[in-house]
Amino acid sequence: GDGPQGYVIDRPMPPRAAIEPLALAYAFDATEDGEVLRFRPRGGAPVLELSEQDLVPAESGIAARLVRAQETELPREVSLAFTEAGADYRRSAVRARRLVGGSARVSHADLAVVTHAAAMERRADVWLQDLWAGRETAEFALAPSRLALAAGDVVGASINGRRNLFELREVVDTGQRQIRARAIDLDVFDAPVAATRWRVPEQPPP
């Protein structure tokens, strides 16, 4: 069999501290809906198409603000540490690396996850690709009538004559619906996981 897999909580901690590492590695959002905590995978299908006519201009007269992060602000490599179920439950690490780009940054996450290396390699690859896909962020406002939109929703938006997919990260209601969003590539989340590999643990010398 595959052996036990799961998540280890080895000390008292706030729920947020336990959930955030999992949300990073497994690409899901945890949002409060009244008294209910909802978990939803990231990268869902677009729920709405927005044209430039749907955007409400700010006081400056600008309908949307786009910011593109520099390559040097993004990691060229990410690594995830975990407990490998296929190697006698030893601590292991996997890496994903971009072959091009001018960045020298490395991001690391240490997870209390028990799983197989192939699955964790997939998670590292998703994390890295998603960081680069989301290098462009957008701020814009919508009419208060757009009440159905919530953080985590994906929308198609045409801004400055170019359509892109954006994932809503923050929705603040004032006289308008103030939106903070990041670009997203849905294909990043669809690649299959490679077959599980088993490693025979090395025997210690007598």
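Modeller: Let us begin with R182, which forms a salt bridge with D130, their closest N and O atoms being 3.3 Å apart. This is a predicted model, in which local features need pLDDT of at least 70 and side-chain atom pairs count only at pLDDT 80 or more, while totals for chains, interfaces and linings use all residues. Residues are numbered from 1 along each chain as its sequence is written, and side-chain values use heavy atoms, with hydrogens and water left out.

Biologist: Why is the contact of R182 with D130 called a salt bridge?

Modeller: The term requires a side-chain nitrogen of Lys or Arg within 4 Å of a carboxyl oxygen of Asp or Glu; the N and O atoms of R182 and D130 are 3.3 Å apart, so the pair qualifies.

Biologist: What makes R182 count as buried or exposed?

Modeller: Buried means under 20% relative accessible area, exposed over 50%, and partly exposed in between (1.4 Å probe, protein chains only). R182 has 13% relative accessibility and therefore counts as buried.

Biologist: What makes E167 and R42 a salt bridge?

Modeller: Here the N to O distance is 2.9 Å, so the pair meets the same rule. R42 counts as buried because its relative accessibility is 14%.
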